[in-house]
Amino acid sequence: MLPGRAIRAQPPAGAAGGFRAGTVAATEPADLAYLRDVNEATALWSCRAAARRMTGGAIVNVASVAGMMAAPFQGVYGMSKAAVISMTQTLAYEVGGRGI
């Protein structure tokens, strides 16, 4: 940084994700809890923190095509990524008026 010059702080960026393959019928509660914690909750809490502090810029979440279309043995994984996509789209409506 040059003396006397301010730097605009940028929000952190990250992509967290977990994957467990298997049939929907064979999914155990622990599998669902893991995927929800790693995929959904991580995105939610990161976006919440960023949205509370940002006055402009962009929030970027990384999901998967599995969240938009069915794939064998990826039902619960796809469900968790669909939640990230939906939450991201909802957040865009909520904070878009602030230039985010």
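This is a predicted model: local features need pLDDT of at least 70, side-chain atom pairs count only at pLDDT 80 or more; totals for chains, interfaces and linings use all residues.
Colleague: How many aromatic pairs does the model have, and how are the rings arranged?

Modeller: The count comes to one aromatic pair. The ring centres of Phe19 and Tyr77 are 4.8 Å apart and their planes stand at 75 degrees, and since planes over 60 degrees apart count as edge-to-face, that is the name for this pair.

Colleague: Which parts of the chain does this pair tie together?

Modeller: Phe19 belongs to the segment before H1 whereas Tyr77 belongs to helix H2, so the pair joins parts that lie 58 residues apart in sequence.

Colleague: What lies over the face of Tyr34?

Modeller: That is Arg20, placed at 3.9 Å from the ring centre.

Colleague: How should I read the length of helix H1?

Modeller: One compares an expected span with the distance between the ends: the 25 residues of H1, residues 29-53, should span 36 Å at 1.5 Å a residue, and the end C-alpha atoms are 35 Å apart, so the two values agree. Please note as well that H1 bends by about 35 degrees at Ala41.

Colleague: Which residues of H1 are buried, and what covers them?

Modeller: The buried residues are Leu35, Asn39, Glu40, Ala43, Cys47, Ala50 and Ala51, and what covers them includes helix H2, residues 75-95.

Conventions. Residues are numbered from 1 along each chain as its sequence is written. Side-chain values use heavy atoms; hydrogens and water are left out. Helices (H or I, at least four residues) and strands (E, at least two) are DSSP runs, numbered from the N terminus. The expected span of a helix is 1.5 Å times one less than its number of residues. The bend at a residue is the angle between axes fitted to the seven residues ending there and the seven starting there. Buried means under 20% relative accessible area, exposed over 50%, partly exposed in between (1.4 Å probe, protein chains only). Contact means heavy atoms within 4.5 Å. Rings of Phe, Tyr and Trp (its six-membered ring) pair if their centres lie within 6.5 Å; planes under 30 degrees apart count as stacked, over 60 as edge-to-face and the rest as tilted. A charge sits over a ring if NZ of Lys or CZ of Arg is within 6 Å of the ring centre and within 35 degrees of the ring normal.
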